Amino acid sequence: MSAENNKEACNKAANQSINWSELYKKAQQVSERAYAPYSHFKVGAALLSEQGQVFTGCNVENASYGLTVCAERNCIATAVAQGTTQVSALVVYTAQQQLTSPCGACRQVIAEFMSPDAMVSLVNHLGDTQQWRVADLLPAAFTPQNLKNSTDNSSVNNSNS
Ligand SMILES: [Zn+2]
């Protein structure tokens, strides 16, 4: 993606109106569907696509603990399955006094589909919120740009720009 295209994409995202309260509500609702029989730590995520669609996801645990998938990644995977690869905003909801921020694995996946200036908002049942820029959640992220900058990019055909 050229600098000019990148600027355009940022402007587009900045001009898109984000209905945070709708995203909070959707994230709260889907958190009730979380499959968390082991941790009892229910998480809901909701995102707004660049096309203006809202997608949701919850955490899904497994008796083989390591196979657990977080709400954020399930939410993004659901969006991708519906044709979205540009996410404008993401909300993470937990009914926890302390706001829950995305784990390291989720931060990497978020960086794949959100611009560095896009916002991730944490919210809880008390209505407390905290917003993070993607670039602040994962500084110096490894992104598709790194692969494009490779001296041998003949094997990279997955271009989004
Ligand atoms: Zn995670």
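Author: The buried residues of H2 pack against S1, S2, S3 and S4. By buried I mean 20 or more other C-beta atoms within 10 Å of a residue's own, with C-beta atoms placed from the backbone. Those residues are Leu23, Lys26, Ala27, Val30 and Ser31. They span an arc of only 135° around the axis, so they end up on the same side of H2; the arc is taken from the directions from the helix axis to the C-beta atoms. As a reminder, an α-helix has 3.6 residues a turn, so residues three or four places apart point the same way.

Bear in mind that this is a predicted model: local features need pLDDT of at least 70, side-chain atom pairs count only at pLDDT 80 or more, and totals for chains, interfaces and linings use all residues. Numbering starts from 1 along each chain as its sequence is written.

Helices (H or I, at least four residues) and strands (E, at least two) are DSSP runs, numbered from the N terminus. H2 has 12 residues and reaches 16 Å from first C-alpha to last, close to the expected 16 Å, which is 1.5 Å times one less than its number of residues.

Now the sheet: an open one of 5 strands, ordered S2-S1-S3-S4-S5, with mixed pairing (strands pair if DSSP finds at least two bridges between them). S2 (54–58) and S5 (129–133) sit at the edges with a single partner strand each, so one side of each has no neighbour in the sheet. Further in, S3 (residues 87–94) and S4 (residues 114–124) run parallel, joined by 7 bridges, and Leu90 stands opposite Val120 in S4.

Note on methods:
A residue is buried if 20 or more other C-beta atoms lie within 10 Å of its own, exposed if 12 or fewer, and partly exposed in between; C-beta atoms are placed from the backbone. Two residues are in contact if their C-beta atoms, placed from the backbone, lie within 7 Å.
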